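Here is a quick tour of one model, going through a helix, its packing and a few charged side chains. Have a look at the fold before reading on.

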Amino acid sequence: MKQYKTFDAFSQLVAILTALLGLFDNSGGVTSISLIAFALLQIVSLLVNALYGPASWKSGLRRIHIIATVIVIGIMVYGLAKPAEDKYDYSGLGILLNALVPAAAVALFYTVITFIEWKKIRKA
């Protein structure tokens, strides 16, 4: 798990840096692919850590992350399910777009958790 946690932490960091550098790319392709890679890395990381089970190096901040993730997903589902008042009403889309800001904060929070756990597992 020590090797995976090292890969996990630094691959997330590379994805974030690539997405930031992609802001200088006018096409937006680099940023888009980097953000998708970042999301996939975090999903895989969540699954691997869930399947690994309890461990002494796991941070208690994971609970906060899970709660925040459920809240953000709930807001997004609400935006998708919100009935339109007429055919030109895109308020649900506005809810989805506004939910991206806390989603990004939750993703960055998970990266911080990953680095905290990487430091703990290195010492173990």
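Just past α2, G53 adopts a positive phi of about 90 degrees. Before going further, a word on the ground rules: this is a predicted model, where local features need pLDDT of at least 70, side-chain atom pairs count only at pLDDT 80 or more, and totals for chains, interfaces and linings use all residues. Residues are numbered from 1 along each chain as its sequence is written, and side-chain values use heavy atoms, with hydrogens and water left out.

Helices here are DSSP runs (H or I, at least four residues), numbered from the N terminus.

Which residues of α2 are buried (under 20% relative accessible area, with a 1.4 Å probe and protein chains only)? They are T31, S34, F38, L41, Q42, S45 and N49. These buried residues pack against α1, α3 and α4, with contact meaning heavy atoms within 4.5 Å.

Leaving out residues up to four places away in sequence, A15 touches S34, F38 and L41.

## The charged side chains

Now for the salt bridges (a side-chain nitrogen of Lys or Arg within 4 Å of a carboxyl oxygen of Asp or Glu). A search of the whole structure turns up 2:

| Salt bridge | N to O distance |
|---|---|
| E117 and K5 | 2.8 Å |
| R62 and E117 | 2.7 Å |

E117 sits in α4 (residues 91–123) and K5 in α1 (residues 2–21), so their pairing ties together parts 112 residues apart in sequence. R62 belongs to α3 (residues 61–81), so its bridge to E117 in α4 links parts 55 residues apart in sequence. Because the salt bridges share partners, K5, R62 and E117 join into one network.

Are these side chains buried or exposed? E117 is buried at a relative accessible area of 0%, K5 is buried at 0% relative accessibility, and R62 is buried as well.

Technical notes. Helices (H or I, at least four residues) and strands (E, at least two) are DSSP runs, numbered from the N terminus. Buried means under 20% relative accessible area, exposed over 50%, partly exposed in between (1.4 Å probe, protein chains only).
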